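Subject: Structure handover

Hi there,

Have a look at it first, and then read on for what turned up.

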Amino acid sequence: MILSIYGYGEPVLRKVGEVITPEYPNLKETISNMYETMYHASGVGLAAPQVGLPIRIFIVDTAPFADSDDVSKEEAAELKSFKKTFINAKIVKEEGDVWGFNEGCLSIPDVREDVFRHETITIEYYDEDFNKKTENYSGLIARVIQHEYDHIEGILFTDHLSALKKKLIGKKLNNILEGKARPDYKMKFAKVKGR
């Protein structure tokens with residue numbers, strides 16, 4: 001089922017997600033709905049708070065980045081097949097160079113800005129079957145994971161911007177708050193009731 005994506009200003013986007021157990025109600029269905037919603041909106045990642053659930057789940061599928069001219073053949077192959085569900089994730093280490101990349105977010109449509117993040121991360125998480133994993137990622141995969149991880153920590157990519165950049169995009173953010181954004185997917189806006 002395609003869910004509404006919660007827009008900038010919705011309080012759930014500022015909550016630190018709650019740890020869940022394998023007994024979380026309708027867990028498989030929730031994850032399946034998140035994938036369907038993400039693909040419908042042409043996203044590469046989606047976190048539970050973005051669909052109104054204040055829990056520590058996010059999903060990633062970096063396949064769309066595989067067609068970029070800016071990645072090596074090796075990275076393209078890795079991006080094409082990288083699809084994962086992260087439950088109760090914790091980034092335990094960020095290292096390597098800090099680099100910029102133009103990021104966007106399904107909760108903040110029509111806003112893209114350069115965000116600087118570490119090249120490499122180590123993350124602990126549980127998969128869909130609640131098997132515990134500790135893995136290292138670099139490059140675009142690490143970046144997408146960091147962006148989605150921020151969501152379960154109540155952080156948006158705009159929080160990484162300078163005061164000047166935030167001021168420059170202020171009108172766009174206000175338009176999202178007021179429901180004036182028109183993405184081609186279902187959204188729930190903070191100041192618009194009954195949608």
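A word on terms before the notes: strands here are DSSP runs of E covering at least two residues, and they are numbered from the N terminus. In that numbering, N88 belongs to strand 4. Please keep in mind that this is a predicted model.

The strands form an open sheet of 5, ordered 2-3-4-5-6, and the pairing is antiparallel. Strand 2 (45–47) and strand 6 (132–138) are its edge strands, each pairing on one side only. On average, neighbouring strands in this sheet are turned by 45° against each other, direction ignored.

Helix 1 (residues 27–40) packs on the sheet, where it touches strand 2, strand 3 (57–61) and strand 4 (83–105). The direction of helix 1 makes about 45° with that of strand 3. Helix 3 (residues 139–152) lies across strands 2, 3, 4, 5 and 6, and it runs at about 115° to strand 4.

**Strands 5 and 6**

Strand 5 pairs with strand 6 over 7 bridges, in the antiparallel sense. Within this pairing, I121 stands opposite Y137 of strand 6.

T120 also sits in strand 5, which spans residues 108–126. Its side chain makes a polar contact of 2.9 Å with the side chain of S138. Setting aside residues up to four places away in sequence, T120 touches K93, E94, E95, Y137 and S138. Is T120 buried or exposed? T120 has a relative accessibility of 18%, so it counts as buried, the cut-off for buried being under 20%.

Another residue of strand 5 to look at is I123. I123 counts as buried because its relative accessibility is 0%. Leaving out neighbours within four places in sequence, I123 is in contact with F58, F86, A89, K90, I91, V92, K133, T134, E135, Y137 and I145. P11, by comparison, is 112 residues from I123 in sequence and 26 Å from I123 in space, C-alpha to C-alpha.

**Two asparagines with positive phi**

Most residues other than glycine have a negative phi. N26 is not a glycine, yet has a positive phi of about 55°. N88, not a glycine either, has a positive phi of about 50°.

Where do we find N26? N26 lies in the loop between strand 1 (5–6) and helix 1. With a relative accessible area of 53%, N26 is exposed, since exposed means over 50%. N88, in strand 4, has a relative accessible area of 13% and is therefore buried.

**The largest pocket**

The largest pocket holds about 390 Å³ of space. Of the 24 residues that line this pocket, V44, E103, G104, C105 and R112 are the closest to its centre. Strand 4, strand 5 and helix 3 each supply at least two residues of the lining. Which element gives the most to it? That is helix 3, with 6 residues.

Do write back with any questions once you have had a look.

Best wishes

Key
Residues numbered from 1 in each chain as written. Predicted model: local features only at pLDDT ≥ 70, side-chain atom pairs only at ≥ 80, totals over all residues. Heavy atoms only, no water. Helix = DSSP H or I, 4+ residues; strand = E, 2+ residues; numbered from the N terminus. Buried < 20%, exposed > 50% of the residue type's maximum accessible area, 1.4 Å probe, protein only. Polar contact = N/O pair within 3.5 Å; in protein donor to acceptor, adjacent residues only side chain to side chain. Contact = heavy atoms within 4.5 Å. Pairing = 2+ DSSP bridges. Axes fitted to C-alpha atoms, helices over the stretch in contact; angles between N-to-C directions. 1 Å grid on protein atoms, 1.4 Å probe; cavity = no way out; pocket = protein on both sides within 12 Å on 5 of 7 lines; lining within 4 Å. Points joined across faces, edges and corners; volume = space filled by probe spheres on them.
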